[in-house]
Amino acid sequence: MPEFHPGNWVESAVDWLQVHFSVLFDFINKVLTGLYDGINAVLGGAEPLLFAAILAVIAFWLRGLLAAVATLIGFALIDSFGLWNEAMQTLSLVLAAAVITIAIAVPLGVWAARNKAFSTFMRPVLDVMQTMPAFVYLIPGVMFFSVGTTPGLLATIVFSMPPGVRMTELGIRQVDGELVEAAEAFGTSPKHTLTRVQFPLALPTIMAGINQVIMLALSMVVIAGMAGAPGLGESVYAAVTQVQVGLGVESGIGVVILAMYLDRMTGALNARVSPLGRRAAAKATAALGRMRFVRYRPGTAVALCGVVVLALVAGGMNLAGTGDSKTTASTDVGKGKKLNMGYIPWDEGIATSYLWKEMLEERGYKPDLKQLDAGPLYSGIAKGDVDFQTDAWLPTTHKQYWDKYHSKMEKLGDWYGPTSLELTVPSYVKGVKSLEDLKGQGKKFKGKIIGIESSAGEMKILKDKVLKDYGLEGEYKVVSSSTSSMLAELKRSIQKHEPVVVTLWSPHWAYNANDLTKLKDPKGSFGKGEKLYSVGRKGFSKDEPTVANWLKNFKMSEKQLTSLEDQIQGAGQGKEQDAVRKWLKDHPGFLDKFAPVPGGEKEKGKDAGKPVKMGYFPWDEAIATTYLWQNILEDRGYKPNVKQLDPGPLYTSMAQGQTDFQTDSWLPTTHEQYWKKYRSKLTDVGAWYGPTSLELSVPKSVKGIDSLADLKGKSDKFGGKITGIESSAGEMKVLKSVLKEYGLDKEYKVVSSSTSSMLSEVDRSVKQGKPVLATTWSPHWVYSKYPMKKLKDPKGAWGKGDKIHVTAKKDFGKDFPELNGWLKNFKMSEKDLGSLEAAIQKGGKGKEKQSVRKWMDKRPGLVDELAPVK
């Protein structure tokens with residue numbers, strides 16, 4: 001039989017629909033989300049016990065005093081579990097889904113009852129809808145609408161619709177045909193026959209269908225927690241994946257209470273709205289005689305008054321109440337802005353997600369944190385419904401998701417690494433030290449390798465590569481579970497002193513808690529160690545530059561991470577954020593270091609108030625770093641004075657002690673002449689960048705010239721000239737020997753100008769599409785702004801690259817010990833330097849200092865990093 005995969009067609013259809021009907025999906029998303037938000041605002045707005053009392057009044061009206069008391073106790077129990085908000089979110093989802101489902105199902109049922117052809121068509125459709133596994137409905141929902149409320153609502157609507165349609169059709173078909181004929185005989189129109197005869201008589205059956213719709217909706221919204229739908233489903237999912245028995249029981253009881261309330265109330269509603277139901281209730285009450293008070297129900301008007309009074313009280317309390325805020329005006333960076341965070345239930349993901357949730361709340365943001373599997377999480381980020389997550393294992397574990405969605409996401413920096421993936425056994429398992437040792441020992445481990453989530457990249461690598469490389473296929477079966485289930489199995493096996501092999505990784509607190517052996521991987525099948533990244537939706541850095549820069553500067557050591565994980569493990573279920581707060585108290589300064597307030601008051605240095613004389617010559621990296629250090633020193637309380645000079649006068653001034661330091665000494669080549677002359681009167685504080693390179697460059701549009709050797713005989717193309725910079729620059733001196741080395745000294749004339757003039761000539765030539773040959777160097781922003789290529793130097797005539805040093809007067813270290821220490825440790829990457837230079841160029845002449853300050857404000861924590869005060 002040839003293979004047949006309709007799933008491939010479905011995936012193609014989904015891709016096509018995403019491209020061509022995105023506007024429709026956005027509209028549906030807004031409608032469903034708006035409906036849910038409106039209902040949740042009403043249900044979740046009141047004080048829990050007051051709203052429980054409102055629900056109890058409704059129960060009293062529908063079923064009597066006993067039901068009212070049971071309702072009050074049940075919902076008070078949910079509140080005591082700390083799950084009130086989750087319960088109201090679940091109830092909101094059920095009501096939103098039920099309203100839409102009933103609005104569609106009842107008309108469809110009526111149509112099916114009155115049209116046999118339509119009934120025949122609907123029967124197999126409803127069969128598919130009713131028998132399809134509930135989890136399957138989440139897949140297209142996530143694909144079209146990402147994670148959150150909408151996929152859960154759509155899946156719930158589809159899953160719960162069949163009983164509504166079937167029971168409506170059944171109820172109308174069961175109405176006595178003679179009654180219908182009689183109505184028609186008296187001239188009743190088909191419309192009135194339906195509304196005045198068939199529908200009232202069918203109402204008990206229709207209400208039974210509505211009851212089933214609501215119950216199925218409740219079961220589905222719990223399952224929808226897997227796709228990020230809020231409420232008790234999210235809590236149940238977290239409990240299952242993290243094996244939190246207590247949370248699972250409490251969440252389950254909450255679902256049971258909601259289910260019983262909705263079932264009993266919708267069942268009793270028939271007695272209020274149906275003529276047949278009211279007649280049956282009246283007969284039952286009359287039969288009780290003097291005991292009829294047992295079945296007492298308040299009148300509709302009385303019950304409505306009770307509900308209105310309680311609702312007004314609840315509304316008044318909300319208006320009078322004031323929300324507590326942990327942030328002060330000076331630290332309220334976020335000003336209540338909402339951020340959507342997601343995390344995979346891996347220990348480092350849980351730890352860092354709750355850490356950032358707490359830190360963001362301290363800074364005035366309102367983060368919303370959702371637990372998701374890896375697939376829905378990356379899909380949510382790609383669609384923009386999740387702002388960021390902190391646990392991307394790259395380049396290997398999460399490679400499949402990064403390859404699929406990388407164009408719709410951005411890396412916000414790595415905060416830990418390198419990691420390692422491995423299989424692990426308890427240390428008491430003798431003779432198994434390597435993956436090779438597992439061969440032939442399958443019976444010892446019952447032929448099983450206990451894995452984690454099937455969506456994890458480690459599981460894919462294990463199945464597709466590791467088992468094959470070591471010949472373990474067929475002997476071992478990889479059992480997918482969850483991280484918490486794997487850890488629970490490991491704990492059980494250790495307690496029983498039984499052999500077990502599990503998937504694990506480093507860093508992980510399990511290695512501290514247990515005596516384990518990492519199995520060596522001599523063939524390197526698991527790949528090289530990875531780094532843990534924070535990953536955000538595309539455009540997050542632009543929309544939230546402050547938070548993005550906090551995340552980019554975020555780092556954690558293994559000691560810090562494992563101690564935080566241990567704190568959370570010890571705190572127990574549902575208390576992750578409490579554990580984080582305690583950990584932050586035990587690590588003072590962590591919050592201010594990694595989530596500093598932009599423009600906040602900076603701690604003063606030991607030599608605050610001391611004047612510092614700084615010099616620079618007008619090269620871009622000198623301008624950038626000089627104004628950077630001017631801003632830093634002002635933040636630390638120093639009094640910097642900046643002066644521009646040419647290289648010769650600047651080195652002379654430092655040698656005479658009239659200038660304290662400068663940041664742009666190119667050594668050992670470019671500034672060799674000045675260093676040889678004054679080295680006995682200067683101090684080399686240290687290199688902050690390197691190696692550099694000197695070069696000639698041409699636009700990329702100039703074909704056939706890729707090397708200095710290619711310039712021979714091509715002078716006409718460039719007008720016989722090389723556009724240079726300042727004649728005093730060391731590069732200009734070296735250039736003469738370069739031209740001799742390549743036999744170009746008589747063919748080309750070097751035109752001395754200035755750095756700015758050279759850049760203007762490059763700008764003009766590139767815009768006009770003309771060839772130009774210019775002296776440039778690396779690092780320089782010219783390569784970012786213009787399509788220029790460096791000409792290769794096969795003979796090495798330019799010499800080895802320099803390093804850029806901070807140099808100072810002779811007694812600088814003695815006069816400025818604190819500043820000397822900061823400058824010794826000063827380092828800048830080419831990326832940071834280029835972005836700083838670009839910011840200055842964009843700011844314009846005369847605004848260098850302000851441009852640097854804006855650049856620094858987007859990198860909170862930079863001052864503490866470059867100039868730490870001990």
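Which residues form a positive surface patch? I looked this up in the model and found Lys446, Lys448, Lys477 and Lys496. Such a patch takes residues with over 30% relative accessible area and no salt bridge, like charges being joined within 9 Å; Lys and Arg count as positive.

I noted that the model is predicted: local features need pLDDT of at least 70, side-chain atom pairs count only at pLDDT 80 or more, and totals for chains, interfaces and linings use all residues. Residues are numbered from 1 along each chain as its sequence is written, and side-chain values use heavy atoms, without hydrogens and water.

I placed Lys448 in strand S6, residues 448-450 (strands are DSSP runs, E, of at least two residues; helices, H or I, of at least four). Lys448 counts as partly exposed because its relative accessibility is 34% (buried is under 20%, exposed over 50%, partly exposed in between, with a 1.4 Å probe and protein chains only).

I then turned to salt bridges (a side-chain nitrogen of Lys or Arg within 4 Å of a carboxyl oxygen of Asp or Glu), of which the structure holds 25. One of them joins Lys337 to Glu544, with the closest N and O atoms 2.8 Å apart. This pair links distant parts of the chain, 207 residues apart. Glu544 is buried at 8% relative accessible area, whereas Lys337 is partly exposed at 40%.

In helix H18 (residues 457-469), I found Asp464 and Lys460 four residues apart, about one helical turn; their salt bridge spans 3.1 Å between the closest N and O atoms. I also recorded a network of salt bridges linking Glu358, Asp578 and Arg581.

Technical notes. Patch = residues over 30% accessible without salt bridge, like charges linked within 9 Å, V, L, I, M, F, W, Y side chains within 5 Å. Areas by Shrake-Rupley, 256 points an atom, 1.4 Å probe, with all protein chains shown as cover. Charge placed at Lys NZ, Arg CZ, Asp CG, Glu CD.
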